[in-house]
Structure formats: C-alpha cells, structure tokens
Amino acid sequence: MNETLTAGMHVGRILPEILVVVVAMVAILVDVILPRGRSTGAVRFVSLLGLIVVLGASFMQRDNLGPAFGGMVLVDNFTLFFRVILTFVTFMVIFVSERYIELLKMRIAEYYLMLLFALFGMMLMVMGQDLLIIFLGIETMSVCLYTLVGLSRHKMTSNEGALKYLLLGAFTTGFFIFGIAMLYGSIGLTEIPGTSQHYAPTTRIDSIMVFFMTVNHVPMLTWIGVAFIMIAFLFKAAIVPFHWWSPDAYEGAPTTITAFMSTAPKAAAFAAFLRVFYTGFGTIAVEWTQILWWLAVITMTVGNLMALRQDSVKRMLAFSSITHAGYLLMAFLSFRPGSSDMNGAAAILFYLAVYAIMNIGAFVLAIGVNKDEEKEIGYSFDDFKGLASRKPLPAFLMLIFMLALAGIPPTAGFFGKYYLFRSAVEAGYVGLAVIGVLNSAASVYYYLRVVVNMYMRKEDDERPASLGFNGDLIPVAILCALLILALGIRPGMLLTAAQVSVLSLM
C-alpha cells in the first residue's frame, strides 16, 4: 500500500514548485542573518539565482511528465509553458526592483518573499487537476498580491487599492469555494477530468436531485456551481463587470508590482480557466458561450472607453489590460466539444506570453520617465514630453511597446491579435471579431498619445525623473523589445510551442 502511494506521489515532477518555496525561505533567512546594509543586494541575488535554477529545472522536467499526488496535479506541456512564462515575468520584475523599492523605502524581504510565494500560488493554479488545488493556488497568490498592493503604506492610493482588492477578493473566494461545494453536492467529486462524464444525457439523477430542476440533463445544482466558479475566474482575469478592483489596485500598487499583476496573475487565471472549462466543463460549452460573447464585447468596449479618458499612463495601461482580457476571452468561444481544433487555446497562450513581455517593457520605461513617485497620481502623459530628444533609446523602446500593444506590425502584438481574431472568425463569430478589430483600432489613440508626447512635443518641466534610466531598467527594456521584434518576425516559434502545450488539454 505504501509503495503504491509513494509511486503515485511523483514528488520530482513538482521540483520547480518546491525550489520556489526553498528560494523564498533562503531569501528571508538571508535578510534576517545579514546586516541591513548588506542584505538588500544579497536577498535580490538569492532570488534571481533561485529563479534561474527554477527555469532550468522546468526545462529539465520535459521528460518527466504526468500526474502527481494521486492525480491532484498534472505536469504536462501546458504546465511547462506557463511555468516558464510565470518564472520569466517574476525574474524580470525582481531584476528591476532593487533601486525602485529603495526609492519607496519599503521592506525588501517582504517584497521578494511575497513575489516568490505569489509565483508558487500561480504554479499551483496552472497544474491543478482538482478544484481544491486550484483554490489553494488562487488564495496563495491573492494573499501575496493583497500585501504587495499595500506596500506603499504612506500613500493613500496604495491603501485604498489594497483594501478594495482585499474586500472584493474575499467575495470572490466565497464564490469559488461555494461553487466547489455545489459541484461536489451535485456529482460527488472535485476532480476536473472526471466531471465531464456527469453531464451526458444518460446521467443518473440521484435522490438529492429530486429537489433541483435539470436543464439539458444537467442538474441545476451543477449549473450554479459552474456559474460561481466562472465568476471567480472572471474576477481574477479582470473581466467586466468584475473589473472594478483592477484600476485602483494597479494605480495604488508600486509600479513594479503593477507590471507583475497585469501580466503573471492574469496569465495564471486564464491558464486555470482553460484547464477547468476545456477539460472539465467542455461538454456543456455551448451553454455558456453566449455569456462569454457578451462579456468579451462589454470588456473590450468598457476597457477602451475608460482608457481613453485617463491622464495617467499607469492608469491607462491598467484599463487597457482590461481591454486585452476581452480580446483573450474571444478565443474561448472557438472551443467545440469533441473537436481537435485548438487554435483558440493556442492563440490565448501565444498572446499571454507576448502581452507579458510588452507590458513589462512599457511599465519599466514608465518607471524611468515618471517625475514624482511620491505623487498620489503620477505617471502623467506630460512626463513623456520631449523624451525622444533627451533620451533617444528609451523613447525608441517605448515606441516599440506602444506599437506592439496597439497591434501594429512588425511587432509580436500584431500576430497575437491576428491569431485571436482568426480563431473567432474560424469559429463563426465574425461579428465578434469585427467588434474586436474596431476596439483595437480605437486603442491606437491612447497608445499613440504617448508616442506623440515623446516625439512631437517639447518638454515643459525640467525636473528630473524620480528614478531615471540608470541601473537595470534599460537592459530589461532592451531584452523585452528584442523579444517583441523577434517574435514579430518569427511568430511561428512561440506559436508552435503554444500548440504543443495545448495538445495536453485535448
């Protein structure tokens, strides 16, 4: 019995996740042991070195795939794809954080520790094969993000954003756990792969179902559970109308954390959404596609309209992230039960990776341009005036990121949107694709507004930027820009990796 249990554990398959926890523990010990003047660089070095080891371990796991812990988690190509993306994003954020958090006078150990544990929670979300494991991952990630948003304790916007995120996140936790309870009461399990067989027309209706209606042979209790779980995922992905926490949380958080929150947790939420609704609830997909159609339209439109009204680049990027979530939601509609066509899911993976790269690059440069980090509302468009004449290289890099976010070739952002819109058209949602294209065209205005300020207007404020472009900001921005251009010239490399990863969901 013990041998069977041990064989089913396969601890080695979750080696990267174990390493993340070990790195976090070592980082906090280094901060405690070393004097404060020396611990700053040491903790950062330990975190970066540890994440490099995690990336190496993730690539080494390519030949050690399969379920672990009795099927509670699954390590497949889908898991490996997101492991790399999430670890890369965390590495980039930590790499540019040292001088920024010194500027804000924040406790460094807590900052790095929360980032590493948030990464661990997101990894659990991606690999979870049981709703309870995904719930644990969501909560681990969320608690860390609540703390990170409120790290700038002397700023009212930071306190406000953290409080809103915490309160609304608590309601979402209730929705998710209540949805799990409804599903368990309906079908008697929480494992994702085993749920789809209970939705067939031959489903046996147990005695408890006497008290509940059935719709298309699916008990109403199951519908309630699926709806609650969907609401939780929509909240984490900042889909309208579950988006109201994101602008305030993004604006109040330290900007490095805003870059992290707008990329990594969003990627993890969509990854878990894909795994749950493709493999678990796929056989009733036709029943919720109409809801997702309207949510995609509303999310794209509302995000764009709100972004157009912003005077802060940071807040503009926050609302535009809502718009991009609407684009991603389109690709969910291309799913067909029993079909081998997974172009929509592959397009989601491709776009999540590209969006993470270009958004991090944009936020990193915004940090260097911002002229007053202590302002409650900073990152004005006016801060970018005359940047091209003062700092040609950062201006050129920002131009690349703005074009990529707008979806203009030859950047990877163009191909990311092209694959999303193509998947919607192939699934028969031509009208939705047209709405997406129109929203993408409208977004060009506020992205080019940054470009116009950099290249066509003169600086009217001689104050230096609060942080400037010294240190690690420019190397990270250059790397992100090169990746965006390389994937724009050769998008097939990343798309092939996305398609191979998606095959694991079939």
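Reader: Where does Pro410 lie?
Author: Pro410 sits in the loop between H17 and H18. Bear in mind that this is a predicted model.

Reader: What kind of peptide bond joins Pro409 and Pro410?
Author: A cis one, with omega about 5°.

Reader: Where else is there a cis peptide bond, and what is its omega?
Author: The bond from Val240 to Pro241 is cis, with omega near 10°. Pro241 is in the loop between H9 and helix H10 (245-252).

Reader: What about phi in Ala238?
Author: Ala238 has a positive phi, near 60°, and it is not a glycine. Ala238 is also in the loop between H9 and H10.

Reader: Is Ala238 buried or exposed?
Author: Buried. Its relative accessibility is 0%, so Ala238 falls under the 20% cut-off.

Reader: Back to H18. How far apart are its end C-alpha atoms?
Author: They are 21 Å apart. Helix H18 covers residues 412-426, which is 15 residues.

Reader: Which residues of H18 are buried?
Author: They are Ala412, Gly413, Gly416, Lys417, Tyr419, Leu420, Phe421, Ser423 and Ala424.

Reader: What covers them?
Author: Several helices do, including H14 (313-332), H15 (343-369), H17 (392-406) and H19 (430-456). Helices H20 (473-489) and H21 (492-502) are also among the cover.

Reader: What comes just after H18?
Author: Gly428, which takes a positive phi of about 95°.

Reader: Zoom out. How many helices and strands are there?
Author: The protein has 21 helices and 4 strands.

Reader: How much of it is buried?
Author: Of the 506 residues, 60% are buried. The protein exposes about 19200 Å², and carbon and sulfur atoms supply 69% of that area.

Reader: What share of the contacts comes from residues 24 or more positions apart?
Author: They account for 80% of the contacts with a separation of 6 or more.

Reader: How many residues are in the largest nonpolar core?
Author: That core has 185 residues. Phe233, Met261, Phe277 and Phe401 have the most contacts inside it. H15 gives the most to this core, with 22 residues.

Reader: What does Phe233 touch?
Author: Beyond its neighbours within four places in sequence, Phe233 is in contact with Ile134, Ile138, Phe176, Ala269, Ala272, Phe273, Val276 and Phe277.

Reader: And Phe228, where is that one found?
Author: Phe228 is in helix H9, residues 220-236. Leaving aside neighbours within four places, Phe228 is in contact with Phe175, Phe176, Phe178 and Gly179. Its C-alpha atom is 8.9 Å from that of Gly174, 54 residues apart along the chain.

Reader: New topic. How many salt bridges does the count come to?
Author: The count is 10 salt bridges. One of them pairs Asp76 with Arg275, at 3.2 Å from N to O. This pair links distant parts of the chain, 199 residues apart. Asp76 is in the loop between strand E2 (73-75) and helix H4 (77-95), and Arg275 is in helix H12, residues 264-280.

Reader: Are Asp76 and Arg275 buried or exposed?
Author: Asp76 is buried, with a relative accessible area of 6%. Arg275 is buried too, at 1%.

Reader: Which residue forms a salt bridge with Asp248?
Author: Arg315 does, with the closest N and O atoms 3.5 Å apart. Arg315 is in helix H14 and Asp248 in helix H10, 67 residues apart.
Arg315 also meets Glu251 in a salt bridge, at 2.6 Å from N to O. Glu251 is in helix H10, 64 residues from Arg315.

Reader: Which residues do shared partners join into one network?
Author: Glu160, Lys164, Asp248, Glu251 and Arg315.

Reader: Last one. How many disulfides does the count come to?
Author: It comes to 0 disulfides. As for individual cysteines, Cys144 is buried at 5% relative accessible area, and Cys480 is buried at 1%.

Technical notes. Residues are numbered from 1 along each chain as its sequence is written. This is a predicted model: local features need pLDDT of at least 70, side-chain atom pairs count only at pLDDT 80 or more; totals for chains, interfaces and linings use all residues. Side-chain values use heavy atoms; hydrogens and water are left out. Helices (H or I, at least four residues) and strands (E, at least two) are DSSP runs, numbered from the N terminus. The expected span of a helix is 1.5 Å times one less than its number of residues. Buried means under 20% relative accessible area, exposed over 50%, partly exposed in between (1.4 Å probe, protein chains only). Contact means heavy atoms within 4.5 Å. A disulfide is a pair of cysteine sulfur atoms within 2.5 Å. A nonpolar core is a set of buried Ala, Val, Leu, Ile, Met, Phe, Trp, Tyr and Cys residues joined through side-chain atoms within 4.5 Å. Accessible areas come from the Shrake-Rupley method with a 1.4 Å probe; for residues, only the protein chains shown count as cover. A salt bridge is a side-chain nitrogen of Lys or Arg within 4 Å of a carboxyl oxygen of Asp or Glu.
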